[in-house]
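Q: Could you show me how to read helix packing and a chain interface in a model like this one?

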Amino acid sequence: MSGYYWLASYPKSGNTWMRLALWALRHGKPVDFAEFAGWATVSGLRAVFDEVLGVESSDLSAAEIETLRPRVFETLSGEAPEPMLRKVHEPWILTPAGEPMFPPAVTLGAVYIVRDPRDVAVALSHHQGTSLDRAIAFMRSPPHERGAVWRQIDYHWVSWRRHVESWLDAPGVRVLPVRYEDMVADMPAVLAEVATFLGWDAEPEAIAAAVEATTFERLRIEEEKQGFGEKPLRMERFFRRGEAGGWRAVLSAEQAARIQHDHGAAMRRLGYLE
Amino acid sequence: MTTVRILCGLKVVSDLPLPDLPPWTGDGRAPDVAIRLGAVPDRLDAPVVAGPLLQMGTDGTCRFAIPGVAAYLVEGGHTVTVRAEMAPDSTDVRVFLLGTVFGVLCAQRGLLPLHASCVAIGGRAIAFSGVSGAGKSTLAAAFHRHGHSVLSDDVTVVDVEAPGGPLVLPSFPRLKLWDDVMSAFALPREGLERSRAALDKFHVPLDGRFQAEPLPLAAIYRLEEARLPSQDRAERLNPVTAVQSLEEDIYRCRTIQRLLSPARRFHLLTRIADAAPSYRLWRRMGLGDLDAQVAALAARQPSDGGGRA
């Protein structure tokens, strides 16, 4: 029995940056995107689900898949020799059978990365190649459609606010909230805290080296050199700006007010509204 | 009512209607496989594989179940017992029968099921393997659209030790396609059966372009997703890597590999690697590049006659 650490976040909130920093810390060397590919990968890989259960997930309904996902995590947790780190963009939810989709019994903890939803809206519009207004609408009420069948099981989308609350208030789960803004301001302190939470031994020198290896400038240069495999094809570059508060120069006052209207309670809780 | 059909050259008698399979037109020999409605135990005694849905006993007997649909007991490569939780003639019951259950049954008979779709190019069988979501069915559908015959969709059964083998045994004359693929190919949905009542996924008949006779396996392409334009390419695998890759291509590998001893498995996979080159095919996902991919892949194969590629 080993168990999972979930690296959870709404999309475009710094999850990949954190995974890269943890990779650099674990491996003690500069990031190589080719080596990084597949590390601390998403929890909902179709191939893993299908292989563990012996079924084609594309023959199952979304409700059947959700109902079976705890069985997959339990099976793999029983086999893995050491704790597993998995990226999650899905909310913490109950399955149609009424049990947590991420079973507490095999959950060692969750690092929940959160970012000002006004900056998320800007990043999301670039990621999805849509307008700011559409990104804002998506964060409020995502469509319930089943997309094409790709390598990942379809996300169970919820609003940004619901996403934040689902993880921060997940019953029986040890959660470490991490703010993207704090990563930008003081990554060494944040990375040290996350490493401790994960039970990793990390000397300050190792932390400093990992942070240095995954500065935004470094990642951007690396992406120009060899490309980044997790970038959507239509997006120009994955590592775009990497800053906090950029929304002020991009969103109209009305757009910012709309986001505040949709997610105000959760924003206040995280210190995004004064 | 009993129906008699053909599947991978086997004579199948079934209590369930099997409209996916062609009728048996061969001789009056005893059936090779019987599919019966009946009782299925809730669990196997002392299973060697005890997955949440799929279990295997020491003698290779398998139990597979989809809650709310059906439980299946597969024994000796010749008998499948089905306990349906819905109307036994619904497509939902058949989908899993012709998926996991079918793969297990073939493996029990000493055949090697690969997680692959397979098309005929120049009188040879070309298989496209890959993980779920890699685009196996979509690529087979694209070949079909360009006039090629199809041998199998998702499960490709190989008779490794047949004379002239390894041979691909044709499975059934239909593809399972999602709504978006059908739209992209302008395929009509009227009159087509949904593969599951609740899914926008359809059984599309091959309309005369089903390759009903076995063909020698000539190449295996393992589909990989190219995330960067620079990655688009086919890379020939060396014999050692080819055997490793084939091992991952075994259908329902976690369970089915247990039906073969490691030595036997190595023997079969080596025979395949000796007879047919394996490639890793990096390709762009999405429906836009398919025509070009089909043309490029068809051009890679020798036109006819001659030795294997």
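Predicted model: local features only at pLDDT ≥ 70, side-chain atom pairs only at ≥ 80, totals over all residues.

Q: At what angle do H6(A) and H12(A) pack, and how far apart are their axes?
A: Two packed helices are described by the angle between their axes and by the distance between those axes. Helix H6 (residues 132-140) of chain A packs on H12(A) at about 5°, and the axes are 10 Å apart. Angles under 35 degrees count as roughly parallel, so H6(A) and H12(A) are roughly parallel to each other.

Q: How does H7(A) pack against H12(A)?
A: Helix H7 (residues 160-168) of chain A meets helix H12 (residues 253-269) of chain A at an angle of about 40°, with 8 Å between the axes. The crossing of H7(A) past H12(A) is left-handed. On the H7(A) side the contact includes A:Trp160 and A:Leu168, and on the H12(A) side A:Ala266 and A:Met267. Its residues divide into 5 nonpolar, 1 polar and 4 charged.

Q: How many residues does each chain bring to the contact between chain A and chain B?
A: Chain B gives 34 residues and chain A gives 32. The buried area is about 2700 Å², with 54% from carbon and sulfur atoms. Of the area that chain B buries against chain A, B:Ser132, B:Arg227 and B:Arg254 supply 24%, more than any other three residues.

Q: How many salt bridges are there between chain B and chain A?
A: The count is 5. One salt bridge joins A:Asp59 to B:Lys176, with the closest N and O atoms 3.0 Å apart.

Methods:
Residues numbered from 1 in each chain as written. Chains lettered and ligands numbered in written order. Heavy atoms only, no water. Axes fitted to C-alpha atoms, helices over the stretch in contact; angles between N-to-C directions. Helix = DSSP H or I, 4+ residues; strand = E, 2+ residues; numbered from the N terminus. Left-handed = near helix turned anticlockwise from the far one by under 90°. Contact = heavy atoms within 4.5 Å. Nonpolar A, V, L, I, M, F, W, Y, C, P; charged D, E, K, R; others polar. Parallel < 35°, antiparallel > 145°, perpendicular 65-115°, else oblique. Buried area = accessible area lost by both parts, 1.4 Å probe. Salt bridge = Lys/Arg side-chain N within 4 Å of Asp/Glu carboxyl O.
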